[in-house]
Amino acid sequence: MATYIVGDLHGCFKEFQLLLEKAQFDEKQDEIWLTGDLVARGDDSLACLRFVKDLGEKAQTVLGNHDLHLLSTLLGIKRVKPSDKVEPIFEAPDREELQNWLRNQPLMAQHPKHKFLLVHAGISPEWDLTTAIQCAREAETVLKSESYADYITKMYENYPDHWDDNLQGIERWRYIVNIFTRMRFCYLDKRLDFACKLPIEEAPTELKAWFELDNPLFNDQEIIFGHWASLMGKCTRPNIYALDTGCAWGNHLTMMRWEDKQTFTQERLK
């Protein structure tokens, strides 16, 4: 049995299928882990959702910011962006089933055998492993609750930008969700920044990528993330793997086989 990890699908279903063929993925024996953002921008987000869901225990995804945005539009909280190409999900007979499946996915998952951590955007430079696990479970409990729509309504803010153990309620939940689904850059004091979209080498000197900051967890733990397509798979720490390579933006989809770290790529189809 092999363990495969693939970067953000963003609705690129055909490319995903070709990538699985290249790697000779066997859904009866192998397993696949996904960095989130299954939907938006590509041509077939509905097929991506259905395929991953139907794999059952053979697949594990985490929630990304576009996945959460889809939930907010399905709830009528946000408007659908035409560029996201998700209208077929709204018309699907299994819409509610897919919606409930998606909101029950974790923000962070740890492989039971290999012990790597899978997240969409990253892990707070202010957290140790115990805190990261606890915070993920807290926010996941909210998303699984009957009142999850109330929380998603209050999700779209950039504050608080600093971790405090005493944070409570919506502010605590919002920080946790922003860390796992939106984070890229931080200030040197580990405050979050959401304004900068530049490549790392062009960012202001007062900003660092989250994985470049000092945190013992980042030295000791193998972490896999997506979200940051402009990295194009490059990360400055050998034990942290960036797998989003911007297929939906005209680049390619990347998948790694964990056992030998071999990577497979599929260019965006024209």
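**Entry 1: H2 against H5**

I looked up how helix H2 (residues 45-54) and helix H5 (residues 95-103) pack, and found an angle of about 65° with the axes 11 Å apart. That makes H2 roughly perpendicular to H5 (65 to 115 degrees counts as roughly perpendicular). The axes are lines fitted to C-alpha atoms over the stretch in contact, and angles run from 0 to 180 degrees between N-to-C directions. Helices here are DSSP runs of H or I with at least four residues, strands are E runs of at least two, and both are numbered from the N terminus.

I noted that the crossing of H2 and H5 is left-handed, meaning that the near helix is turned anticlockwise from the far one by less than a right angle.

A note to myself on the source: this is a predicted model, where local features need pLDDT of at least 70, side-chain atom pairs count only at pLDDT 80 or more, and totals for chains, interfaces and linings use all residues. Residues are numbered from 1 along each chain as its sequence is written, and side-chain values use heavy atoms, with hydrogens and water left out.

Next I listed who meets whom: from H2, Leu-46, Leu-49, Arg-50, Val-52 and Lys-53; from H5, Glu-97, Leu-98, Trp-101 and Leu-102 (contact means heavy atoms within 4.5 Å). By class, this contact of H2 with H5 has six nonpolar, no polar and three charged residues (Ala, Val, Leu, Ile, Met, Phe, Trp, Tyr, Cys and Pro count as nonpolar, Asp, Glu, Lys and Arg as charged, the others, Gly among them, as polar).

**Entry 2: the buried side of H5**

I found Leu-98, Gln-99, Trp-101, Leu-102 and Arg-103 buried in H5 (under 20% relative accessible area, with a 1.4 Å probe and protein chains only). These buried residues pack against H2, strand E3 (59-61) and helices H3 (65-74), H6 (129-144) and H7 (148-153).

**Entry 3: H6 against H8**

I followed H6 onward to helix H8 (residues 169-181): their axes come within 10 Å and cross at roughly 110°. H6 and H8 are therefore roughly perpendicular to each other. In H8, Arg-172, Trp-173, Ile-176, Val-177 and Phe-180 take part, and the H6 residues they meet include Ala-132, Ala-136 and Leu-143. I counted this contact of H6 with H8 by class as 10 nonpolar, one polar and two charged residues.

**Entry 4: Trp-210**

Where does Trp-210 sit? I placed Trp-210 in the loop between strand E8 (207-209) and helix H9 (216-220). Trp-210 is buried, with a relative accessible area of 0%. Leaving aside neighbours within four places in sequence, its contacts include Ala-121, Pro-125, Met-183, Phe-225 and Trp-228.

Technical notes: Parallel < 35°, antiparallel > 145°, perpendicular 65-115°, else oblique. Buried < 20%, exposed > 50% of the residue type's maximum accessible area, 1.4 Å probe, protein only.
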